[in-house]
Amino acid sequence: MIKNFTGQHELPDISIQWNWIPFSGHWGISTSLFSLAAAEARQKQLKLNVPARANELAIQLAEFIGIPSGFEKVEPVNGYLNLYFSQAEYARRVLVEVLEKKADFGRPDRKNEKIMVEFSQPNTHKAFHVGHLRSAILGDTLARIMDFAGYDVVRANYPGDMGLHVIKWLWCYQKFHAGELPDKNITQWMGKIYAEANGKLEANPDLEAEIRALYKRWDQRDPEIVKLWEDTREWSLQGFYQIYDTLNIHFDVYYFNSQMEKPGKEIVQELIDKNIATDERPDGAVIVKIDDVLGLKKEQYRVLVVLRSDGTALYATEDLALVKQKFNDYPDLKKSLYIVDVRQSLHFTQVFKTMEIAGYNWAKQCEHVPYELVSLPGNVVMASREGTVVLLEDLISEATKRAYEVVQEKNPDLGEDQKWATARAVGIGAIKYPMQARENTKVVTFHWESALDFNGQAAPYIQYAYVRCGSILKKAGNIDINPPEISYELSPQEIQLIDLISRFSREVERAASEYRTIQIANFAYEMAKTFNNFYTHCPVLSEGEPIRSTRLNLVMATRQVLKNNLTLLGITAPEAM
RNA sequence: GCCCCUGUAGCUCAAUGGACAGAGCACCAGCCUUCUAAGCUGUUGGUUGAGGGUUCGAAUCCCCCCAGGGGCGCCA
């Protein structure tokens, strides 16, 4: 129809982009006529006032097309042509869809593509602090979003279970804590011994010799050391499982650093045989001069060290093997994502490129998803060795305790179990949310006060909106879950709420394609805010029909979408607060 | 020296190249006989680090500076 119009008026033929009208109380689609006006000016060599001409065109076009079926109103506004949907019909369709699809509302069709998301990668024999939380939460949330968006997601973990840090720990344990068993807070106890080892070494550098001796015993697979390593490693892993359980995070597959050592060395040999790697031993290490191999003049990939001069493996050695292992285990993997902090960007670029050069074509399907660190005020990086850490256990217990106090105050009649369950949901939600509602590329600065602030844009706000929905529905008793024809004029609050509900699926798709949890975190907040606005302006139970039934259905739909949204964020939706 | 990220309200952060750059916190003023006040309403607050360019239109894209952070051959 618009083509007819441009044809009749000798206007340039350009493609029309339809967008959603920024919300103004009445929804629909719109197109801007600025590009048409600009194209006209160019084609006819005219000097036009483009915005004015765009508005003229919008007015003429509005008259020309009249009101197409399914629409209620057509209006030119500031150079835009807006087509408004018929309110009542559109609103009802949205409600029906939510109430039919329930937990699946917002899910697009399955894509039949397998994606691996590797995240968390904690080091055994060390504490788990708030800095480690970001990869765990970002990865878990992305995995949830991608799964919801229709991908077959494989969640992978890759703990660092061997390395100098482990040897130091074993040394300290053997010498000062032999025979001791871990505390209830395993990870915290492991972390203490690691810190103690570092402290002792710093105080007396001569002890380094003992560490080297121990490393050698490990390298020669001294049964006593291997056994000690196996036992203590298991303690550490048990500690991690506890933490993941508390955070409601799970993994489908675990890869371990220690398992990649041998296959990594084999790949290095392969690289040497193929003349990709240069063996500079014994004077130097085994390296891949990637830029030279590719014949690049400008430095881009630089040099990757793949094996130490003494022949021992390093991180890169193991990463080469891991790339391969993943595609061996899952040959139909479309993508292999690595959720690792931004400092390792170059490292992963090098590893993937090296594997590609070696002929492993699926290396192109590997992608590093970088994120910035969690720091303490004053730009202090959290580091176990420096002792500049906030332990996760401490944060969780403090947040839960504070949440419990609020529950106690607001809702003293709840049973003790439910009080604690609610406190955990609120406390853990409050911890997770700030990491999700942040651009991956931005540093999170940890402040105790804001981490424990349950007001404003935070998880408890969203959970509270969910609870309010439930509260209304509970008091309403039996509800006919069949949205009636809407036979009254919807209030702006109702329209805005329905508008948001209808956008949920688009937000999920975008979050999944851009690997951005912030999209979903912000949307959840928008939903809650809009509902709270509805809550104060639109009474439900005290209204007569037909308003009461329509609003009850709207509340039910809102509650469902909030629930789906919170599930994507891995945050529990409590029944009472 | 080379590469990457960041710079938006006092603070923490948003904003598919498009309609008046929006929230939260903080501050101030209000709202609980009514579905839970972990809530709501209102007020205050901006040369989007600076300067060029592309475009009908730039916080967003390009160039060049400035400031902060990170990475760059045997750490992980």
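This is a predicted model: local features need pLDDT of at least 70, side-chain atom pairs count only at pLDDT 80 or more; totals for chains, interfaces and linings use all residues.
Me: Which helix gives the most to the surface near RNA strand B?

Reply: Helix H19 gives the most, with 8 residues. A residue counts as near the strand if one of its heavy atoms lies within 4 Å of it, and helices (H or I, at least four residues) and strands (E, at least two) are DSSP runs numbered from the N terminus. Residues are numbered from 1 along each chain as its sequence is written, chains are lettered from A and ligands numbered from 1 in the order in which they are written, and side-chain values use heavy atoms, with hydrogens and water left out.

Me: How many residues surround RNA strand B, and which are the closest?

Reply: There are 67, and the closest are Arg 42, Tyr 80, Lys 410, Tyr 464 and Ser 471. Sorted by class, this surface holds 32 nonpolar, 20 polar and 15 charged residues. Here Ala, Val, Leu, Ile, Met, Phe, Trp, Tyr, Cys and Pro count as nonpolar, Asp, Glu, Lys and Arg as charged, and the others, Gly among them, as polar.

Me: What parts of the RNA face the protein?

Reply: Of the atoms of RNA strand B within 4 Å of the protein, 61% are sugar or phosphate and the rest belong to bases. For individual cases, look at polar contacts, which are pairs of N or O atoms within 3.5 Å; within protein, one must be able to donate a hydrogen and the other to accept it, and residues adjacent in sequence count only if both atoms are side-chain atoms. A polar side-chain atom of Lys 442 is 2.4 Å from a phosphate oxygen of RNA strand B. For the side chain of Asn 533, an N or O atom lies 3.3 Å from a phosphate oxygen. The side chain of Asn 19, by contrast, has an N or O atom 2.6 Å from a base oxygen.

Me: How do I read helix packing, say for H8 and H9?

Reply: Start with the axes, which are lines fitted to C-alpha atoms, for helices over the stretch in contact, with angles from 0 to 180 degrees between N-to-C directions. Under 35 degrees counts as roughly parallel, over 145 as roughly antiparallel, 65 to 115 as roughly perpendicular and the rest as oblique. H8 (residues 208-219) and H9 (residues 223-247) pack at about 95°, their axes 8 Å apart, so H8 is roughly perpendicular to H9. Contact means heavy atoms within 4.5 Å; Leu 214, Arg 217 and Trp 218 in H8 meet Glu 224, Ile 225, Val 226 and Trp 229 in H9. These contact residues are 5 nonpolar, no polar and 2 charged.

Me: At what angle do H6 and H8 cross?

Reply: The axes of H6 (residues 164-176) and H8 cross at roughly 105° and come within 9 Å. These two helices are therefore roughly perpendicular to each other. The contact includes Leu 164 and Trp 171 of H6 and Leu 214 and Trp 218 of H8. Its classes are 8 nonpolar, 1 polar and 4 charged residues.

Me: Which backbone features deserve a look?

Reply: Most residues other than glycine have a negative phi, and most peptide bonds are trans. Here the bond from Arg 281 to Pro 282 is cis, with omega near 0°, and Pro 282 sits in the loop between strands S8 (278-279) and S9 (286-289). The bond from Glu 545 to Pro 546 is cis too, with omega near 5°. Gln 121 has a positive phi near 40°.
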